[in-house]
Amino acid sequence: MSSTSSRPRTRKAPAERAAEIVAAATAIAREHGLSALTLRAVAERAGVASGLVAHYQPSMDDLVARVYADLVEEEVRDVEQVVGVIADPAARLGALIDTLMDGARDELTVVWVEGWAMARRNDALAVAVRAQMQRWQTLVEAIVADGCRTGAFSTTEPGEVAWELIGMIDGLNAQSLARGTDTTRFALRTARAAEALVGARPGSVPVSA
């Protein structure tokens with residue numbers, strides 16, 4: 001007579017299980033990008049059956065959008081904390097450039113780049129991408145506008161300039177990731193270009209690179 005034994009399953013509260021599934025998906029995206037988020041991959045990482053993931057996350061598109069928003073929102077909050085303690089607008093802009101081009105955010109660059117591409121086929125993700133792009137626009141535009149108020153910057157178009165700065169930083173980070181190079185080597189050049197865009201005195205935007 002043979003007998004079989006199985007590992008006892010732990011019944012968890014729905015909210016706890018749902019949070020674990022989102023956490024598993026977030027870990028996958030951070031390590032491998034949004035494109036790695038599949039039903040099977042999330043189930044394996046969470047240690048549950050695929051059907052259970054589908055029960056708590058019936059739409060993988062919505063889960064991808066949720067993970068994207070959570071990761072990018074965390075990055076924005078981190079950067080806000082870094083620049084928020086600096087009073088001088090030029091120094092604040094330099095800290096922004098230093099922080100975003102420190103070479104330690106490759107995993108989030110992948111999330112951003114894949115988010116832009118995948119949003120073309122994922123409506124929920126498209127909404128999340130636009131919302132987070134606006135978060136960055138608001139952050140950078142506030143720095144530029146503050147510099148204009150104090151006389152540190154002379155541009156009359158803080159919104160347009162903020163958009164250009166974001167595009168320049170994002171583009172260099174994406175290029176560096178694709179080429180396998182260190183983005184920090186471009187921080188000083190970016191600061192000098194930023195000075196021209198915002199209308200600051202040459203050499204007034206400090207960076208550590």
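R92 and D146 form a salt bridge, with their closest N and O atoms 2.8 Å apart; the term stands for a side-chain nitrogen of Lys or Arg within 4 Å of a carboxyl oxygen of Asp or Glu. R92 lies in helix α5 and D146 in helix α7, so the pair ties together parts that are 54 residues apart in sequence. Please keep in mind that this is a predicted model, where local features need pLDDT of at least 70, side-chain atom pairs count only at pLDDT 80 or more, and totals for chains, interfaces and linings use all residues. Residues are numbered from 1 along each chain as its sequence is written, and side-chain values use heavy atoms, with hydrogens and water left out.

Helices here are DSSP runs of H or I with at least four residues, and strands are runs of E with at least two, numbered from the N terminus. Buried means under 20% relative accessible area, exposed means over 50%, and partly exposed is in between, using a 1.4 Å probe and protein chains only. By that scale R92 is buried at 13%, and D146 is buried at 17%. Setting aside residues up to four places away in sequence, D146 touches A87, P89 and R92, where contact means heavy atoms within 4.5 Å.

The whole structure holds twelve salt bridges. Three of them are set out here.

| Salt bridge | Closest N and O atoms |
|---|---|
| R92 and D146 | 2.8 Å |
| R135 and E73 | 2.8 Å |
| E20 and R17 | 3.4 Å |

R135 lies in helix α7 and E73 in helix α4, so this pair ties together parts that are 62 residues apart in sequence. R135 is partly exposed, with a relative accessible area of 24%. A network of salt bridges links E73, R77, E80 and R135.

The E20 and R17 pair stays within one helix: the two residues are three apart in α1, which means about one helical turn separates them. An α-helix has 3.6 residues a turn, so residues three or four places apart point the same way. E20 is partly exposed at 25%, whereas R17 is buried at 13%.

Helix α1 itself covers residues 14-32, 19 residues in all, and reaches 27 Å from its first C-alpha to its last, close to the expected 27 Å; that expected span is 1.5 Å times one less than the number of residues. Its buried residues are R17, I21, V22, A24, A25, T26, I28 and A29. They pack against α2 (39-46), α3 (50-56), α4 and α6 (106-118). After α1 comes G33, with a positive phi near 95°.

Now to the loop between α4 (60-84) and α5 (89-100), where D88 is found. D88 is partly exposed, with a relative accessible area of 39%. The side chain of D88 reaches the backbone nitrogen of A90 at 3.3 Å, and a polar atom of that side chain lies 2.9 Å from the backbone nitrogen of A91.

Together with V113 and W116, M133 forms a nonpolar patch on the surface, with about 240 Å² of accessible area. Patches are made of residues with over 30% relative accessible area and no salt bridge, joining like charges within 9 Å and nonpolar side chains (Val, Leu, Ile, Met, Phe, Trp, Tyr) within 5 Å. The areas come from the Shrake-Rupley method with a 1.4 Å probe, and for residues only the protein chains shown count as cover.

Key: Polar contact = N/O pair within 3.5 Å; in protein donor to acceptor, adjacent residues only side chain to side chain.
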